[in-house]
Amino acid sequence: MSDNGPVQIRCPVLNVRRVDAYYAITVVAPGVAERFRSGQFVTVGVGGDHSSTLLRRPFAIHDVKPDYGGTVEFLFAVRGTGTAWLSERRSRDLLDVVGPLGRPFPLPRDPVNCVLVGGGSGSAPLFPLAQALRRRGCRVDFVLGAASSDRVFSAITARRVAETAVFTTDDGSFGTRGQVTDVLGRVIEEARSDAVYACGPMPMLRAVTAVAGEHGVPVQVSVEETMACGTGICMTCVIPVVGEDGVTRMVRSCVDGPVFRGERVRFDDVGSIPFDALGAPGWKGSKAARAAESARDIA
Amino acid sequence: MNTDLRIRLGPAELPNPVVTAAGCAGAGRELARFFDISTIGAVTTKSVMLEPHAGRPAPRMAETPSGMLSTTGMQGPGVDVFLQRDLPWLLSRGGRAIVSIAGTGMGEFGELARRVSEADGVSAIEVNLACPDPADPGGRYFVDDPASAAAVVSTVRSHARSDVPVLAKLSADVPDVVELATACVEARADGLSMINTVRGMAIDTRTLRPAVAGGIGGLSGPAIRPLAVGCVYRVHEALPDVPIVGMGGVRTGEDAVEFMAAGASAVAVGTTNFSDPSACARVLRQFTEALESRGVERAVDLVGAAHRSGVGA
């Protein structure tokens, strides 16, 4: 466990580049690269050691390469002071990086057909996933959507890695006008998909889970919740998820996720505490549920 | 130089003064992936309640200048799971446990005090007084009224094993923190932890809605450090023999020096654990170096040093 656990390191920036509407930063981080499995993320300190911006920013790992002992690339859009600061980093600057964090995408044992669905920058973790699936002999198809053409991400890479790649934009500036779920059903049927992987905003994950369910295909979703720590201690990134025992718990996206089985996430209740969640106001758990709780492993 | 870092909280001795703040370190397990949890003074565990609690709805957190607002609503698995799973894990790794307890009334506080103090290996109990008082018509917290806070402390003290020290967790959101501290000590608290988060609010100017669910959140981080240091200073001045665990925005070893100079015997790292998962180990190292560079041989010699050097011209 500890060998696969996250590390905290000061990493030199190898390069910062623009990718359409996003920035991509590559850091030299051998400890993170060697432990990485697709779907995991890093958190990055912003503003320096004396910054008044305290909280680390989480980013899905987009690429890992063996250069310089191991490099890690993550992508982001400038949204506030933290990401603006990051976009101004230059080669050789040091970044405080923690990772890899979170549960990775589970990979199928057999060479099955997988469709990977991404929304905006949520597409980032799907690229190393596609490589891992291809190494297992899986067929990979991509469905990537975004608001506009400059936010569809790595279209060329997607076309190169995947059997097929379908793109959608809200404004029709690239690919099909509409949303990923408008084309997903067709892709699942044409590719005879056995599994769906999705990453993006919560409404998209909810819609993708519904489409996958209609086609009887299991779906793994990677959520993008805001979090303060990324390590499992702050309890601010919780969402309601149904466990294997049928009990809904408020679980931490950072350590219990970010990858969950889509049908187990209670999308309608995200942001609230469902009345039947373990420990909700007025909750009266059975003795069995309590016993199960102490047997559950944490982090 | 071999600096003596040992400190005492009533009958409990800790190997050094750096501990975690309640709610900022789980029960140590997550942070143990980044440093050896047995090396710090103690882990103050997330407040445990009698029953499982799902906590509050989202959003639970908002970043603010040099701090954060949070409102997790004490999500946790309840005392059964804590005693069966979390506490044994911490002790098995050589960690020391200050167990924070939170009750919905006197009955719960009493039962929690009894059960937690009877578990082997608990170094101290910290009483989370920032819980709504069911007897208060305005829904105020126990800590908002010195008499209510004292009643809780007295209940906990009488139910806890006598050799387990009881620390009262104080808030700075009160008219007179010295009056509150004195009431808790008269109710036989063995020590005081201060300060808890401060009530605050941030408003999203785009939506014109409060940034955290429920509106009010607890402000933590370096933004509240001067407030915390001021409280520690005033309480130590009034009650110089009562051990204090100082906390509020501790980020570096120098910050720990500041709290101890104000009168704290131990110093808790809170929000900084979120931004730097190895912060406790770093703060301890920096604190040790700070003592060595000043030629201070014993950490306890630093406690209250600012009172002895005068308040300046």
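The model is predicted, so a few ground rules: local features need pLDDT of at least 70, side-chain atom pairs count only at pLDDT 80 or more, and totals for chains, interfaces and linings use all residues. Residues are numbered from 1 along each chain as its sequence is written, while chains are lettered from A and ligands numbered from 1 in the order in which they are written.

**Chain B overall**

Chain B has 9 helices and 16 strands; helices (H or I, at least four residues) and strands (E, at least two) are DSSP runs, numbered from the N terminus. Its radius of gyration is 18 Å, close to the 20 Å that the globule rule gives for 313 residues, so chain B is as compact as a globular protein of that length. That radius is taken over C-alpha atoms, and the rule is 2.2 Å times the number of residues to the power 0.38. Of the 313 residues, 60% are buried. Here "buried" means 20 or more other C-beta atoms within 10 Å of the residue's own, "exposed" means 12 or fewer, and "partly exposed" is in between, with C-beta atoms placed from the backbone.

**The sheet in chain B and what packs there**

An open sheet of 8 strands runs E3-E16-E15-E10-E9-E8-E7-E4 in chain B, with parallel pairing; two strands pair if DSSP finds at least two bridges between them. Strand E3 (18–20) and E4 of chain B sit at the edges with a single partner strand each, so one side of each has no neighbour in the sheet. The twist averages 25° from one strand to the next.

Angles run from 0 to 180 degrees between N-to-C directions, and axes are lines fitted to C-alpha atoms, for helices over the stretch in contact.

| Helix | Strands it lies across | Angle |
|---|---|---|
| H3(B) | E8 and E9 of chain B | about 160° to E9(B) |
| H5(B) | E10 and E15 (244–247) of chain B | about 160° to E15(B) |

Helix H4 (residues 177–186) of chain B has several buried residues, including B:Leu180, B:Ala181 and B:Cys184. The buried residues of H4(B) pack against helix H3 (146–159), strand E9 (166–170), strand E10 (191–194) and helix H5 (225–238) of chain B. (Two residues are in contact if their C-beta atoms, placed from the backbone, lie within 7 Å.)

B:Cys184 turns up again in the largest nonpolar core, which has 201 residues; A:Val208, B:Ile125 and B:Cys184 have the most contacts inside it. Such a core is a set of buried Ala, Val, Leu, Ile, Met, Phe, Trp, Tyr and Cys residues joined through C-beta atoms within 7 Å.

In chain A, 7 strands form an open sheet in the order E10-E9-E8-E7-E11-E12-E15, with mixed pairing. Strand E10 (176–177) and strand E15 (259–261) of chain A are the edges, each pairing on one side only.

The contact between the chains takes 35 residues from chain A and 38 residues from chain B. Helix H7 (residues 287–295) of chain A gives the most to chain A's side, with 3 residues.

Where is B:His53 found? B:His53 is in the loop between strand E4 (43–48) and strand E5 (61–64) of chain B. B:His53 is buried, with 25 other C-beta atoms within 10 Å. Among the residues that B:His53 touches, leaving out those up to four places away in sequence, are A:Gly279, B:Gly73 and B:Met74.
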